[in-house]
Structure formats: structure tokens, C-alpha cells
Amino acid sequence: MKDGALQQGIGRPSVYHAVVVIFLEFFAWGLLTTPMLTVLHETFPQHTFLMNGLIQGVKGLLSFMSAPLIGALSDVWGRRSFLLVTVFFTCAPIPLMRLSPWWYFAMISMSGAFSVTFSVIFAYVADVTDERERSTAYGLVSATFAASLVTSPAIGAYLSAWYGDNLVVLLATLIALADICFILLAVPESLPDKMRLNTWGAPISWEQADPFTSLRKVGQDPTVLLICITVFLSYLPEAGQYSSFFLYLRQVINFSSTTIAVFIGVVGILSIVAQTLLLTLLMRTLGNKNTVLLGLGFQILQLAWYGFGSEPWMMWAAGAVAAMSSITFPAVSALVSQSADSDKQGVVQGMITGIRGLCNGLGPALYGFVFFLFNVELNTMDPIQGEFNIDPLPLHSPTERALIPGPPFLLGACTVVVAFLVALFIPEKASPSSTSSQLSLSDKPRPDSKESLSTLAGIHINTPLPGSDEETPPTASNEDFEPLLQDSIV
């Protein structure tokens, strides 16, 4: 990196390049929150929740299948080209929203094969930061993702109400094009030339591209097995909730477009605070395991509140609790980092990432199916475009709505209760040496190696957060030591 071999882009590669790419991509999609509800209901008026779940489920499964291969290829060919590919195909469906809704939803499903921008972004960040800076850099990227969704839904709802959905789609398309141009013109390659030249043309093994490789290693260590079960049972309802919650607010709680946009903004701001200030404080005072348990407790409360709540104020209160529950996954990432040596971090983190990718496919489909079973549909909802106050006729009687207005959320609360019980048996601090010996792929750990990035799941390594028991990074004397290519697979 210090040899001056990098020639493309503006300046040296930095975290700020990654931040801009993430912000523009998700800001463009955030603008489409209100038009998306309109097109979804108009295209699938009979089984809106079910079709939404299937569309998002196919997208999630394709992302899960493709993430390891894209991650492995980016280690060989560099990050910049794959940033361009992932952003382009992720945003490709946007202009089709008003041109052809059927092709729009088909493209959303198929774009899942390339919708792994976060995988490449976190690898990019790992390229340009050392271990001491990496936790802060990951937090900055995650906070940028939340910040992009704070204002964009409100802006999209306002423009849709006054100027129509066509303008919103046009604006989102222009922002997506700006993101692509920024990558082409301003983003430099983060992987040093000497690293890429050494690996150029290297064969990609099936083990690297197989998304189930990391999952098959789950049972090799009891501690990692408990953590993986906890992640699966807690993230499955979270993935389903993310895919259908806005529709739920419109149908059951009768939120207007403006109210939904404000709701997203408030919860987004609270999530940023929770994942920065509150998380750091809890990690210092309670420790990793207790922070995970606290986050799971918040998640149980918010899911149960969403499931039984039938009044708008309940949704606002549950949203605040949901923001607090966002501390769970960062705390889990810090906890799992304790159960392996530094040169095996990629393996265990690849397991967690693989499970989350699987949940991104199963969760939306599960929620859509449960909504379908309980006959929660949008058949009586008026068109959304241009309306601020919508009062659709409920499909259920007041008694039924008072009992279980949101059955999928109640089911999700039950699964998180099981996750909480499993998490109780996770050791407070595992023995890294025993875990690493069981998770070893082929080579024995090198004592001088730093944290590596596994391409098993094509995703980043979550280093311990500030205040965790593993905050002190492994010692290394060479500042230019590149951790990304030290994994035995690479």
C-alpha cells in the first residue's frame, strides 16, 4: 500500500469510501419504502404478505448461496470490481418498479445472487484498517447503514404524496447511478497489487464457494454450537420481521405513509445510539454473555408487544425496545471471537454469517406463510400513493385482533425464548486453543499470524468490541501485515 502502486480512484483507500457506497445504495432503496407498498399491493392483491415473503425469501437464499463465491473471488481479483458488480445488480430493479412490476419483483428475487454488498464492504474495511481500528470502522459502516434509513423513507413518502411515485423512482435511480459512478471514478482498490498479483489466477476450490462448508463445522465445538443455535433462533424472526413489518403497520395498525416514515427514522436513531454508546457501556459493565442475554430479552419483549399490540402507541413503545435489541448481534460477534484463536476467527465468524444468510431466506418465507395461514391480507386496503391518512376496513373482528393481531411476531417471540434458554448454557469465556484445534482446516495456527478473513461466507470478521474481554488485539510488529490472506484456505 505504501509503494504507491494503486492508481485508480481518488486518494488512498479508506473507510470513508466504503461509507459513501453503503449510504448511497441504501438511501436509494429507503426512498422506495412507500412506492414499494403501493406496487406490492397492486401486483399481488390477493396474497400480498405471502408473495412478499416468497420474494424476499428467494432473494435471501440466493445471497446465502453466492456470498462465499463472491468473497473468495474478491480475495483474488480485488474488492473494487466486485463492489461495482454487487451495487449494480442490487440497484438494477429500481427503474423497473414503474415500468413493469412483474419484472421488478422477478429482478429483486434474482438480484439476491449479487446482493452481498456488505460482504465486500467489510472486506474492503478490513483491508484498510488494523485490528485496533477495525471495531470502530465496522461500527461506523453499520451506523451509516442505519443513518441512510433514518431520513430516506420520510423523504420518499413526502415526494410520493405531492409529486407521485414516478418522481421517487426516478430520484432513487439517479442516486443508484451516482453510487455506481462513485465506485468507478472515486473508489481506489483496497487490496494491494502485490497481494492480488500473488493470487491472480489461483483456483477457487469448491470448499471456498460452498455456502454449507461453514455450517457443517458448527457441531465440532460445543460452545460454537450453542452460539450458532442462539443466532439461528434469534435472527430467524428478525429477518422475517424486517421483510413484512411495514406492511403489518399499514394493515393491522393503520399507520399512514408519513407515520411509517417517522417511525423508521426514530427507531433508526435509537438503534444508532444503542449500537454505539449503550453497547460499549454494557460490554464494559456486564460482559459479552450478559449483554447477549439482555439483547435477547429486549427482542422477546418487542416481538411479543408487536404480536399482541393493537394500538399505535404500543408499536412506538415496542419500536424503542426493538432498537435496544439491536445490541444482540454485535455482542454475539464479540462473544464468538473468544472461542477461537486469532487465526481461526474467520472460520467461526463464517459459521455465524452463514447461519444469518440462511435466516435471510427462511425468515421472510416463514412470516409470509404464517400471515397467509391466519388470513392476514391487504385485500381491503386503498391505494397508498398520495394518501397520508388511510383507514382500511379490518379483515378480522375486534375480538380476534385483540387476541393475536400479529401471529408471526408471537411465533418469533417463542423462538427467541428458546434462544435465550440456549444462551444461558454458553460459557462465559471459552478456551480458544481447544476450539481452534477442532475447527482447524488443514494448517496449524501460526503464532505470529493476526486475525484472518475467511472466504467461507464472503463476509467480514467482527473483532471484539470496545470493553469486551478480548479487546486487546494479538501482538504484531509489522504494521503492513495483511491479515486478509493469512487464512489457510487462501
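Author: What follows takes a few labels one by one. The model is predicted.

Reader: Why is S109 called buried?

Author: Its relative accessibility is 9%. The cut-off for buried is under 20%. S109 therefore counts as buried. S109 lies in helix α6, residues 101-110.

Reader: Which residues is S109 in contact with, leaving aside its neighbours within four places in sequence?

Author: I55, V58, K59 and L62.

Reader: What makes L249 buried?

Author: The relative accessible area of L249 is 0%. Buried means under 20%, so L249 qualifies. The residue sits in helix α13, residues 222-251.

Reader: What does L249 touch, not counting residues up to four places away in sequence?

Author: N254, F255, I260, F263 and M315. Take I260: in sequence, L249 and I260 are 11 residues apart. In space, their C-alpha atoms are 7.5 Å apart.

Reader: Which residues make the contact of α4 and α7?

Author: From α4 come F82, L83, T86, V87 and T90. From α7 come T117, V120, I121 and Y124. These residues divide into six nonpolar, three polar and no charged.

Reader: How do you know how α15 and α16 are oriented to each other?

Author: Helix α15 (residues 288-308) and helix α16 (residues 312-324) cross at roughly 160°. The cut-off is over 145 degrees. So α15 and α16 are roughly antiparallel. Their axes come within 8 Å. The crossing of α15 and α16 is left-handed.

Reader: Which residues of α15 and α16 make the contact?

Author: On α15, F298, L301, Q302, W305 and Y306. On α16, the residues include W313, M314, M315, A317 and G319. The contact of α15 with α16 has 12 nonpolar residues, two polar and no charged.

Reader: Which residues of α20 are buried?

Author: P407, P408, F409, G412, A413, T415, V416, A419, V422 and A423.

Terms used:
Residues numbered from 1 in each chain as written. Predicted model: local features only at pLDDT ≥ 70, side-chain atom pairs only at ≥ 80, totals over all residues. Heavy atoms only, no water. Buried < 20%, exposed > 50% of the residue type's maximum accessible area, 1.4 Å probe, protein only. Helix = DSSP H or I, 4+ residues; strand = E, 2+ residues; numbered from the N terminus. Contact = heavy atoms within 4.5 Å. Nonpolar A, V, L, I, M, F, W, Y, C, P; charged D, E, K, R; others polar. Axes fitted to C-alpha atoms, helices over the stretch in contact; angles between N-to-C directions. Parallel < 35°, antiparallel > 145°, perpendicular 65-115°, else oblique. Left-handed = near helix turned anticlockwise from the far one by under 90°.
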